[in-house]
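Subject: Structure for your review

Hello,

Here is the structure we spoke about. Please have it open while reading the notes below.

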Amino acid sequence: MLFKQQVWLRQKLLVLGSLAVGSLLYLVARVGSLDRLQPICPIEGRFGARGQAEFPLRALQFKRGLLHEFRKGNVSKEQVRLYDLVQQLPKAIIIGVRKGGTRALLEMLNLHPAVVKASQEIHFFDNDENYAKGIEWYRKKMPFSYPQQITIEKSPAYFITEEVPERIYKMNSSIKLLIIVREPTTRAISDYTQVLEGKERKNKTYYKFEKLAIDPNTCEVNTKYKAVRTSIYTKHLERWLKYFPIEQFHIVDGDRLITEPLPELQLVEKFLNLPPRISQYNLYFNVTRGFYCLRFNVIFNKCLAGSKGRIHPEVDPSVITKLRKFFHPFNQKFYQITGRTLNWP
Ligand code: A3P
């Protein structure tokens, strides 16, 4: 009798336990989907006394699900009307620098509930064919967002392309411009590594970095090599300064974004006049990956693709020294113009 009662009790506990777990799972899913389906809160409630946008943390959940579909363009006209969605021109652009950590910066800023990223590099301002298609073409390439959110795109080629500053100025002379830089020699090697990988994928051979970076005739740094030229940040920035005042730029330390992303992101939030919403919770170090990865909520997290964070080939130390010496005066000028000292060697 006692044994029968024990079995009955155990079965009952099992059923109750399953019910509790089921309900919990249902609630988690429901809260997630509700968050994704409804505007975060009434418009008035989202702006603080000083006109700064105030977004509740739970709005981070918007980063997935239905809104994600909206952003990809998989959205019906009814849905656009129902949720007041719009495709907005960017209020801020990550203009470069290639291999500076532009993707990581964009993805990390996208953790902020007020930011919506354009997933693809659009290459509107640096590609004549795209530019000829007009500003409406560009706007249609933007993700769907709520009017209170800001759209950010990144195309690292903008930084080094001659025509781009004037073209962006014509679109919006008060746009905010983000430049993420890394120690110039490391950036040049990273740039080389990307090209090398492309060649290897096609079973092609390629020159060693040393051969490209140093002119064999003069034994000096080869300033014709694109990876070297791109790292002369001050030269490119000077072209931009003909159109935009320095206050419209924010320099992100790409080396620090790798090792300590949060303080860098907080500086960007400030620059964009956004309330601080990205927290340590949203960034966790993934030992296998060797980089910080992104956590949107209890369920969703992601690391950047494997093409980010490649292993660099070994480079002759004397070439590295030569390059660092070459970049040194340009770096000093860059610190002076931007007001951000990065203590590169
Ligand atoms: P390496 O591949 O040289 O390591 P971009 O997106 O502009 O092409 O920059 C790529 C660089 O972003 C990578 O260069 C990598 O070091 C850097 N990076 C910064 N934060 C990262 C992160 N959390 N995950 C992966 N790569 C990151």
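The notes below cover the annotated site, the backbone, the cysteines and a surface patch.

This is a predicted model, in which local features need pLDDT of at least 70 and side-chain atom pairs count only at pLDDT 80 or more, while totals for chains, interfaces and linings use all residues. Residues are numbered from 1 along each chain as its sequence is written, and side-chain values use heavy atoms, leaving out hydrogens and water.

Annotated site. An unreviewed UniProt entry marks Lys-99 as "active site"; such annotations may be inferred rather than shown by experiment, feature names are shortened, and positions are given in the numbering used here. Lys-99 sits in the loop between strand 2 (92–96) and helix 4 (102–109). Helices (H or I, at least four residues) and strands (E, at least two) are DSSP runs, numbered from the N terminus. With a relative accessible area of 12%, Lys-99 is buried (buried is under 20%, exposed over 50%, partly exposed in between; 1.4 Å probe, protein chains only). Neighbours within four places in sequence aside, the contacts of Lys-99 (heavy atoms within 4.5 Å) include Arg-182, Asp-191, Ser-307 and Arg-310.

Backbone. Most residues other than glycine have a negative phi, and most peptide bonds are trans. Lys-99, not a glycine, has a positive phi of about 65°. In the loop that holds Val-97, between strand 2 and helix 4, a cis peptide bond joins Gly-96 to Val-97, with omega about 5°. Asn-203 also has a positive phi, about 60°; this residue is in the loop between helix 8 (184–201) and helix 9 (209–213) and is exposed at 73% relative accessibility.

Cysteines. A disulfide is a pair of cysteine sulfur atoms within 2.5 Å, and the count by this rule is one. The pair is Cys-293 and Cys-303, with sulfur atoms 2.0 Å apart. Cys-293 is in strand 9, and Cys-303, 10 residues apart from it, is in the loop between strand 10 and helix 14 (317–338). The torsion about the S-S bond is about 100°, so the disulfide is right-handed. Cys-293 is buried at 0% relative accessible area, whereas Cys-303 is partly exposed at 28%.

Surface patch. Tyr-281, Val-298 and Ile-299 form a nonpolar surface patch with about 330 Å² of accessible area together. Patch residues have over 30% relative accessible area and no salt bridge, with nonpolar side chains (Val, Leu, Ile, Met, Phe, Trp, Tyr) joined within 5 Å and like charges within 9 Å. A salt bridge is a side-chain nitrogen of Lys or Arg within 4 Å of a carboxyl oxygen of Asp or Glu. Areas come from the Shrake-Rupley method with a 1.4 Å probe, and for residues only the protein chains shown count as cover. Val-298 is exposed at 72%.

Regards
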